[in-house]
Amino acid sequence: MTDTTSIKHPTPLTSGDFTAAEEPFALFAEWFAEAIKSEPNDPNAMALATVDPDGLPDVRMVLMKGFDADGFVFYSHIASAKGRELAANPKAALLFHWKSLRRQVRIRGPVTPVTDAEADAYFATRPKQAQIGAWASKQSQPLESRFAFEQAIAKTGAKYVIGEVPRPPGWSGWRITPQRFEFWHDRPYRLHDRIEFRRDGAGSAWSKVRLYP
């Protein structure tokens with residue numbers, strides 16, 4: 001879409017429009033289902049923003065591995081930059097951007113570690129080579145060379161050539177419990193639709209407001 005797109009007949013707001021939604025999780029599930037069908041790859045990719053000890057924002061792409069009414073879950077190394085930052089300041093923001101749908105969803109809230117049982121269950125579903133990589137990688141630490149990493153992978157692979165690969169003790173997951181959702185949908189001439197849901201904490205009622213684009 002460009003700014004030369006006609007807006008002589010814009011799509012009207014109807015009772016079926018997403019801005020009429022009263023609850024954010026169901027709306028997210030609907031949009032995510034559409035993204036699975038339309039995105040060329042990784043519809044579960046999301047930008048994760050944290051802050052470092054100096055208050056400097058830090059953002060990277062991660063993969064959402066599950067969501068429900070309790071929140072959005074992702075996994076990584078506890079000693080990684082994101083893990084250290086979340087330990088010091090357990091709050092984060094997420095952003096899903098689905099270009100094929102011209103939509104984005106922003107999420108903000110507190111973060112808590114998943115249980116060991118949850119981390120074990122998810123780790124067991126990963127391909128064996130990815131499990132080995134989780135043992136071999138010292139995520140976010142300086143790496144001498146690619147060859148050094150490949151050597152570590154080979155050494156770990158030899159150790160677990162037979163049998164299951166256990167979850168590394170320094171590898172786990174986190175859950176962000178949303179206190180804010182913003183749903184954004186592209187409209188011609190930057191006359192976008194935006195709605196924000198807010199609540200005081202888990203279990204509290206959601207309030208909704210429509211925002212200027």
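Is histidine 192 buried or exposed? With a relative accessibility of 12%, histidine 192 counts as buried, because the cut-off for buried is under 20% relative accessible area. The model is predicted. The protein has 213 residues, of which 40% count as buried, and its secondary structure comprises 5 helices and 10 strands. Along the principal axes, the C-alpha atoms fill a box of roughly 65 × 40 × 35 Å.

**Annotated domains**

- UniProt, in an unreviewed entry, assigns residues 33–156 to the feature "domain: Pyridoxamine 5'-phosphate oxidase N-terminal".
- In the model, the span 33–156 is 34% helix and 35% strand, and 37 Å separates its end C-alpha atoms.
- A further UniProt annotation, also from an unreviewed entry, is "domain: Pyridoxine 5'-phosphate oxidase dimerisation C-terminal", which covers residues 171–213.
- The span 171–213 is 0% helix and 53% strand, with its end C-alpha atoms 40 Å apart.

**Annotated binding-site residues**

- Under "binding site", the unreviewed UniProt entry lists Lys65, Tyr122, Arg126, Arg190, Leu191 and His192.
- These residues span 128 residues in sequence, and their farthest two C-alpha atoms are 42.3 Å apart, so they do not all gather at one spot.
- Leucine 191 is in the loop that runs between strand S8 (180–185) and strand S9 (193–198).
- Histidine 192 lies in the loop between S8 and S9, and it is buried at 12% relative accessibility.

**Largest pocket**

- The largest pocket holds about 300 Å³ of space.
- Its lining consists of Trp135, Ala136, Ser137, Lys138, Gln139, Gln141, Pro142, Leu143, Glu144, Ala148, Phe149 and Ala152.
- Helix H4 (128–136) and helix H5 (146–159) each contribute at least two residues to the lining of the largest pocket.
- The biggest contribution to this lining comes from H5, with 3 residues.
- By class, the lining of the largest pocket divides into 7 nonpolar, 3 polar and 2 charged residues.
- Tryptophan 135, one of the lining residues, also has a charge over its ring: the charged end of lysine 159 sits there, 5.9 Å from the ring centre.

**Second largest pocket**

- The volume of the second largest pocket is about 240 Å³.
- Residues lining the second largest pocket are Ala49, Thr50, Val51, Asn89, Lys91, Ala92, Ala93, Arg108, Gly109, Pro110, Gln179 and Arg180.
- Strand S1 (45–51), strand S5 (91–98) and strand S6 (103–113) are the elements that give two or more residues to this lining.
- The lining of the second largest pocket has 5 nonpolar, 4 polar and 3 charged residues.
- Lysine 91, one of the residues in this lining, is found in strand S5.
- The relative accessible area of lysine 91 is 58%, so lysine 91 counts as exposed, the cut-off for exposed being over 50%.
- Lysine 91 and threonine 112 are 21 residues apart along the chain, and their C-alpha atoms are separated by 8.6 Å.

**Aromatic pairs**

- The whole structure contains 26 aromatic pairs.
- Among them is the pair of phenylalanine 72 and phenylalanine 96, with 6.1 Å centre to centre and 50 degrees between the planes.
- This pair counts as tilted, because stacked planes are under 30 degrees apart and edge-to-face planes over 60.
- The pair links distant parts of the chain, with phenylalanine 72 in strand S4 (residues 71–77) and phenylalanine 96 in strand S5, 24 residues apart.
- Both phenylalanine 72 and phenylalanine 96 are buried.

**Surroundings of tryptophan 31**

- The ring of tryptophan 31 has the charged end of arginine 103 over it, 4.4 Å from the ring centre.
- Phenylalanine 18 and tryptophan 31 are 13 residues apart along the chain, with 9.4 Å between their C-alpha atoms.
- Phenylalanine 18 is found in the segment before helix H1 (24–38).
- Phenylalanine 18 has a relative accessibility of 11% and so counts as buried.

Key: Residues are numbered from 1 along each chain as its sequence is written. This is a predicted model: local features need pLDDT of at least 70, side-chain atom pairs count only at pLDDT 80 or more; totals for chains, interfaces and linings use all residues. Side-chain values use heavy atoms; hydrogens and water are left out. UniProt positions are given in the numbering used here, feature names are shortened, and annotations may be inferred rather than shown by experiment. Helices (H or I, at least four residues) and strands (E, at least two) are DSSP runs, numbered from the N terminus. On a 1 Å grid over the protein atoms alone, a cavity is a set of points where a 1.4 Å probe fits but cannot get out, and a pocket is an open set with protein on both sides within 12 Å along at least five of seven lines; lining residues have an atom within 4 Å of a point. Grid points are joined across faces, edges and corners, and a volume is the space filled by probe spheres set on the points. Ala, Val, Leu, Ile, Met, Phe, Trp, Tyr, Cys and Pro count as nonpolar, Asp, Glu, Lys and Arg as charged, and the others, Gly among them, as polar. Rings of Phe, Tyr and Trp (its six-membered ring) pair if their centres lie within 6.5 Å; planes under 30 degrees apart count as stacked, over 60 as edge-to-face and the rest as tilted. Buried means under 20% relative accessible area, exposed over 50%, partly exposed in between (1.4 Å probe, protein chains only). A charge sits over a ring if NZ of Lys or CZ of Arg is within 6 Å of the ring centre and within 35 degrees of the ring normal.
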